[in-house]
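Hi everyone, thanks for coming. Please have a look at the sequence and the model on the screen, and then I'll walk you through a few places in it.

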Amino acid sequence: MIYKRAFAAGIAVFLFISAASAQKAEVTISLNEAFFDALLDSVFNNFAPPEFPIAGNFNGKDQGDRLNNAGHSVLTSNTQRVSSFANTQRLAGNNPGCIETVKILREMNGVRTSVRFRDGKIVVPLAFVGSYSPPFIGCVEFAGVAETNIDLEFDQNSQKLVGRARVLNVNLNGSGGIGGTLIAKLIQSSIDKKINPLEIMSLDKVSFGFPIQKIGNLHMKARKIRPEISNGLLNIRVDYEFLKG
């Protein structure tokens, strides 16, 4: 009798595995703005502000484009407006002491680096300071806020949800818009080289295994992701499939 019950239990487990191999389930992971605010507070309180080099982001052919994008006629004819574009400038030609970097700050003039969910988009204002040495000008320091969006995509091979940051616009302090295009390109280039793609979530770390004694294991594998963005909230809906092994 005991053997019959054990055999019946074994058959039941086997049927469960066979059926589960074709079963799917949906898991929803919700992330709100308060979560990212706490995360960013922790990052800036415990570590030095993120800083990225911008030197070498353009080749020699782009030297003229740099001046055009930053407002060549303004830079060469109106020293006052150049000064409004930057906090300081030193007309010293090549300046080996100029550290060409962009540093992300927690806050700049009341605008905080943050993650916001608005109108179906992930909006990330980035407060920053930096310095750059354009041709014939010398070392120029700048500061402002970069308006950035994050596009999400699912890499099924690596089972990771990744994002790509796109700089849409840059507002420089006191510049009246002068030089924003140039700085936006420099920041985007730095983000592409040093940050993109952003790993948002590794789904193999939120998968579940189900050991079945003497039979084997079932595990979950993500097949599809549907991010849903509402005001103040990101819902990540993950379609999982149960697989044997």
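**Rings, strands and a pocket**

Let's begin with Phe 142, which is buried, at a relative accessible area of 2%. Buried here means under 20% relative accessible area, exposed means over 50%, and partly exposed is in between, using a 1.4 Å probe and protein chains only. Before I go on, a word on the source: this is a predicted model, where local features need pLDDT of at least 70 and side-chain atom pairs count only at pLDDT 80 or more, while totals for chains, interfaces and linings use all residues. Residues are numbered from 1 along each chain as its sequence is written, and side-chain values use heavy atoms, with hydrogens and water left out.

Back to the rings. A pair of aromatic rings is described by the distance of the centres and the angle of the planes. Rings of Phe, Tyr and Trp (its six-membered ring) pair if their centres lie within 6.5 Å; planes under 30 degrees apart are stacked, over 60 edge-to-face, and the rest tilted. How many aromatic pairs does a search of the whole structure find? There are three. In one of them, Phe 35 and Phe 36 sit edge-to-face, 5.1 Å centre to centre with 85 degrees between the planes. Phe 35 is partly exposed at 41% relative accessibility, whereas Phe 36 is buried at 16%. Our Phe 142 pairs with Phe 128: the ring centres are 6.0 Å apart and the planes are at 65 degrees, so this pair is edge-to-face. Because Phe 128 lies in strand 8 and Phe 142 in strand 9, the pair ties together parts that are 14 residues apart in sequence. Helices (H or I, at least four residues) and strands (E, at least two) are DSSP runs, numbered from the N terminus. Phe 128 is buried too, at 0% relative accessibility. Finally, Phe 35, Phe 36 and Phe 117 form one aromatic cluster.

Staying in strand 9, we also find Asn 149 there, and Asn 149 is buried at 9% relative accessibility. Contact means heavy atoms within 4.5 Å. Leaving aside neighbours within four places in sequence, Asn 149 has contacts that include Lys 121, Val 123 and Arg 164.

Now for strand 4. Is strand 4 largely enclosed or open? Four of its five residues are buried, so strand 4 is largely enclosed by the rest of the structure. Two strands pair if DSSP finds at least two bridges between them. Strand 4 pairs with strand 2 (residues 51–53) in the antiparallel sense over three bridges, and with strand 8, also antiparallel, over four bridges. A pocket, on a 1 Å grid over the protein atoms alone, is an open set of points where a 1.4 Å probe fits, with protein on both sides within 12 Å along at least five of seven lines; lining residues have an atom within 4 Å of a point. The largest pocket is lined by 31 residues, and among those nearest its centre are Leu 40 and Val 115. Which element gives the largest share of the lining? That is helix 2, with six residues.
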